[in-house]
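Dear colleague,

I am handing over the structure we discussed, with the sequence and coordinates placed directly below. My notes on what was found in it follow.

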Amino acid sequence: MTDRLAELSAQGVAVWLDDLSRVRLTSGSLDKMRREQHMVGVTTNPSIFQKALSDADAYDEQLRDLAAQRVTVEEAVRLMTAADVRAASDVLRPAYDASDGVDGRVSIEVDPRKAHETESTVAEAKTLWWLVDRPNLYIKIPATLAGLPAITKTLAAGISVNVTLIFSLERYRAVMDAFLTGLEQAKANGHDLSKIGSVASFFVSRVDSEVDKRLDKIGSDEAKGLKGKAAIANARLAYEAYQEVFGTDRWKALASAGAHPQRPLWASTSTKSPDFRDTIYVEELIAPGTVNTMPESVIVAYADHGETKGDTVTGNYGDAKKVFADLASVGVDFDDVVKVLEDEGVEKFESAWKDLLEGVTKSLKAAEAGAANPSDAA
């Protein structure tokens with residue numbers, strides 16, 4: 001049988017899983033994916049944890065212990081999610097060691113309610129780094145305007161960062177600058193640059209969802225002919241920017257000090273439209289030195305019928321630029337598109353975080369009630 005995920009990995013694409021739960025850890029399924037499906041990284045977000053912690057049975061014992069300690073709900077959430085990320089980091093440690101610290105990474109996100117607060121984000125990043133206490137951890141920080149200086153300060157402290165919620169090329173360039181500045185400060189602070197990692201999570205399918213909605217509203221044949229093209233074009237131009245920045249003398253000076261480049265990570269790669277192949281955002285974004293973080297359904301789909309056609313990014317920059325010229329000509333304001341997507345992205349994570357807190361609050365109260373009435377619990 002063709003090992004399609006091995007072919008993808010051989011093209012320089014790191015296969016990461018966009019999911020985590022206590023069940024994945026206790027069942028051994030996460031380790032099985034590492035061993036059998038070339039999965040070398042894990043990303044999480046508030047929505048993923050909100051879903052995972054809704055499975056109360058998997059967290060019963062820890063919830064009882066936390067209830068007995070009368071911790072706050074925020075502390076309970078952090079302790080439970082940190083425990084999962086710490087365990088996942090241990091599962092992925094072989095991939096970390098085998099790749100000299102490039103892969104084998106597991107991400108945990110700062111409280112999304114702090115997305116527009118620089119100092120609070122940095123303080124929480126430091127706390128999470130200490131709490132999880134694993135070298136293959138990534139702290140996820142949103143690429144909001146307030147997040148940019150937080151990224152720099154966190155890297156300067158020697159902490160590895162996954163920058164999330166990037167939609168525009170302009171913001172992506174600012175993220176890369178924040179990364180380079182952070183590493184320069186980390187070096188000045190005496191940190192070993194070879195131990196500091198980073199990825200820049202460029203969101204894909206959400207771009208098509210928003211743009212295609214606007215194209216449908218415009219309604220012309222020319223507009224409808226552009227559906228499904230914006231996201232891939234946007235990501236390809238991001239890779240062009242990546243090649244440019246990481247070919248500069250500024251970067252070369254850091255590389256000579258042992259730094260690893262900040263890899264582009266394609267996020268939100270499950271298709272939202274039945275009109276598209278379920279593996280399109282993997283197949284059309286194959287390039288060396290990239291990460292594609294996928295839900296398990298996409299990993300399974302690619303293993304079954306994905307097509308690895310070599311590098312599908314470099315050499316396509318002219319076509320990608322034409323897509324944006326055509327979008328502008330039919331009346332799509334892409335600057336507004338990315339603003340809407342960033343605002344919605346933060347809002348969605350804030351909402352998931354709120355739901356997560358509410359769910360854990362109920363679970364803690366139930367655990368307290370069970371401890372107070374053991375005969376009822378039995």
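Glycine 158, which comes after helix H9, has a positive phi, near 85°. Please bear in mind throughout that this is a predicted model. H9 itself covers residues 147–156, and eight of its ten residues are buried, so the helix is largely enclosed by the rest of the structure. The buried residues are Gly147, Leu148, Ala150, Ile151, Thr152, Thr154, Leu155 and Ala156. They pack against helix H8 (118–132), strand S4 (137–142), S5 and H10.

One of these buried residues, Leu148, is also a contact of arginine 171. Arginine 171 is located in helix H10 (residues 169–188). Is arginine 171 buried or exposed? Its relative accessible area is 17%, and arginine 171 therefore counts as buried, the cut-off being under 20%. Beyond its neighbours within four places in sequence, arginine 171 is in contact with Ala143, Thr144, Leu145, Leu148 and Glu342. With glutamate 342 there is a polar contact between the side chains, at 2.8 Å.

Turning to the aromatic residues, a search of the whole structure finds ten aromatic pairs. One of them joins phenylalanine 167 and phenylalanine 203: the ring centres are 5.4 Å apart and the planes stand at 55°, so the pair is tilted. Phenylalanine 167 belongs to the loop between strand S5 (161–166) and H10, while phenylalanine 203 is in strand S6 (residues 198–203), so the pair ties together parts that are 36 residues apart in sequence. Both phenylalanine 167 and phenylalanine 203 are buried.

A second example is the pair of phenylalanine 246 and tryptophan 251, with ring centres 5.0 Å apart and planes at 70°, which makes the pair edge-to-face. Phenylalanine 246 is buried at a relative accessible area of 11%, and tryptophan 251 is likewise buried, at 7%.

The largest pocket has a volume of about 520 Å³. It is lined by 30 residues, of which Asp18, Asn45, Arg206, Ser268 and Lys272 are the closest to its centre. Two or more lining residues come from each of helix H4 (46–52), S5, S6, helix H11 (205–218), strand S7 (263–267) and helix H18 (334–372). Which element gives the most to this lining? That element is H18, with five residues.

Finally, I would draw your attention to lysine 227, in the loop between helix H12 (221–224) and helix H13 (230–245). With a relative accessible area of 30%, lysine 227 is partly exposed. Apart from its neighbours within four places in sequence, lysine 227 is in contact with Asp212, Leu215 and Asp216. The side chains of lysine 227 and aspartate 216 are joined by a polar contact of 3.1 Å. As a further reference distance, lysine 227 and isoleucine 286 are separated by 59 residues in sequence and by 21 Å in space, C-alpha to C-alpha.

With kind regards

Definitions and conventions: Residues are numbered from 1 along each chain as its sequence is written. This is a predicted model: local features need pLDDT of at least 70, side-chain atom pairs count only at pLDDT 80 or more; totals for chains, interfaces and linings use all residues. Side-chain values use heavy atoms; hydrogens and water are left out. Helices (H or I, at least four residues) and strands (E, at least two) are DSSP runs, numbered from the N terminus. Buried means under 20% relative accessible area, exposed over 50%, partly exposed in between (1.4 Å probe, protein chains only). A polar contact is a pair of N or O atoms within 3.5 Å; within protein, one must be able to donate a hydrogen and the other to accept it, and residues adjacent in sequence count only if both atoms are side-chain atoms. Contact means heavy atoms within 4.5 Å. Rings of Phe, Tyr and Trp (its six-membered ring) pair if their centres lie within 6.5 Å; planes under 30 degrees apart count as stacked, over 60 as edge-to-face and the rest as tilted. On a 1 Å grid over the protein atoms alone, a cavity is a set of points where a 1.4 Å probe fits but cannot get out, and a pocket is an open set with protein on both sides within 12 Å along at least five of seven lines; lining residues have an atom within 4 Å of a point. Grid points are joined across faces, edges and corners, and a volume is the space filled by probe spheres set on the points.
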